[in-house]
Amino acid sequence: MSAAKSEAQATSGDSPAPVVICGAGIIGCSVAYYLAKRGVRSILLERVSIASAASGKAGGFLALDWCSGALNSLARESFRLHEELASELGADVIDYRRLDTLSVVFGNSSQSHSGASDLPDWVTGRVTECGLLGSQSSTAQVHPGKLTAALARKAAELVGSEVRIATVTGLQWSSEPDPATGQFRVSHVLVSGGQPPIACSAVVLAMGPWTDAGLAWLSQPTGQVRGHRAHSLVVQPAEPVSPHALFTQMDAGRASPEFYPRPDGTVYVCGLGDDPPLPDSSDLVKPDEKRSDRLWRLAAACSDRLGRGRLLARQACYLPLAERGLPLIGRAPGKHNAFVAAGHSCWGILNGPATGRMLADLILDGRCGFIDHRPFAF
């Protein structure tokens, strides 16, 4: 019997214990959404706010076939689910659209200009190479923060799921092992501030780069997930720009900024990552001033419409990287009703929906019904 079903049956009263999800980013809110579609209520615990970390500061670029190996099947399903979500939640609500994606190499004034016919007119820097990386059949975009919030709202609408602002401090375990599996189960999630423990039928750790600290609660080795800081800007261009995502090489190949025009008229620019220590929480994450300044200069070198535009945001987030390369998705070893979903790197927004659907399947059915989940187990 699945973790959530067996625990729900063991809970007295008319309201079975919810699934408690630690982390209200794209992964946690996707889990809540797909549980809600199957009639299961959840409580999302978030230290700061919905999408306060990478899910609120990512670019939202989506690609059908850019992932390889085991990630390929997850990405293809998730790309399909993004279009399904646009229909269910409203494409205009989450800023979803298909778009063309270009590879653009910039050079100095002494180098020849090529590929001019392929370039959007808003790209005014000196270009030496330009090629098509993806078409509207294979690349798309979504606003990560708007999508994450919409998933949480829909879960609340469907079954009364809720988001609570709280800092998770640990897990409380049953005093006796589960009779069917012989494994101990999580009975409550512990939170700070004198709040009472929260009863749960299952728990999911989806805390991005902060998940690593939570692995100790599951008696798992830490050091499996770390954070990599990515910088980004949001620019209001001086004039409108066409919907072309750009993956570039600039500054003689020493920088590879990416440019994503958004449906709201702004342009998201990202790049120039680094690896300072992970702060204690997302509200303490700050960009490096020199890297932000350089990213702004690169944006101006790409397009005079950006250079003459208005800088709306300088920001940074920590991408959660799994040391093994593949994200950790599945039941914690030896734990009856504890699950983890973390380490999605720069593809967290793309693979969030399929990860949420996979976790809902694993929690409720004990197996994933649409792809082989075993490569992601740990």
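Predicted model: local features only at pLDDT ≥ 70, side-chain atom pairs only at ≥ 80, totals over all residues.
I'll start with the domains. The protein chain is split into two parts: domain 1, made of 19–94 + 142–224 + 323–376, and domain 2, made of 101–132 + 228–318. Their C-alpha centres are 30 Å apart. To the contact, domain 1 brings 14 residues and domain 2 brings 18 residues.

Next, the cavity. Rolling a probe the size of a water molecule over the atoms shows where empty space is left. In this structure there is 1 cavity of 30 Å³ or more, and the volume of the largest cavity is about 30 Å³. Where does the largest cavity lie? Domain 1 and domain 2 both supply lining residues, so the largest cavity lies between them.

The residues that line the largest cavity are Ser52, Ala53, Lys57, Trp210, Ser282, Val285, Ala316, Cys317 and Tyr318. Sorted by class, that lining comes to 6 nonpolar, 2 polar and 1 charged residues. Which strand gives the most to the lining? That is strand β17, residues 310–322, with 3 residues.

Now the helix pair. Two packed helices are described by the angle between their axes and the distance between the axes. Here the pair is helix α4, residues 70–94, and helix α9, residues 348–365. They pack at an angle of about 95°, and their axes are 7 Å apart. Helices α4 and α9 are therefore roughly perpendicular to each other.

As for who touches whom, α4 contributes Leu71, Leu74, Ala75, Glu77, Ser78, Phe79, Arg80, Leu81, His82 and Leu85 to the contact. From α9 come Ile349, Leu350, Asn351, Gly352, Pro353, Ala354, Thr355, Arg357 and Met358. Counted by class, the residues of this α4 and α9 contact are 11 nonpolar, 5 polar and 3 charged.

To recap: the largest cavity lies between domain 1 and domain 2, because both give residues to its lining, and α4 and α9 are roughly perpendicular. That's what I have.

Methods:
Residues numbered from 1 in each chain as written. Heavy atoms only, no water. 1 Å grid on protein atoms, 1.4 Å probe; cavity = no way out; pocket = protein on both sides within 12 Å on 5 of 7 lines; lining within 4 Å. Points joined across faces, edges and corners; volume = space filled by probe spheres on them. Helix = DSSP H or I, 4+ residues; strand = E, 2+ residues; numbered from the N terminus. Nonpolar A, V, L, I, M, F, W, Y, C, P; charged D, E, K, R; others polar. Domains from an automatic or database assignment. Axes fitted to C-alpha atoms, helices over the stretch in contact; angles between N-to-C directions. Parallel < 35°, antiparallel > 145°, perpendicular 65-115°, else oblique. Contact = heavy atoms within 4.5 Å.
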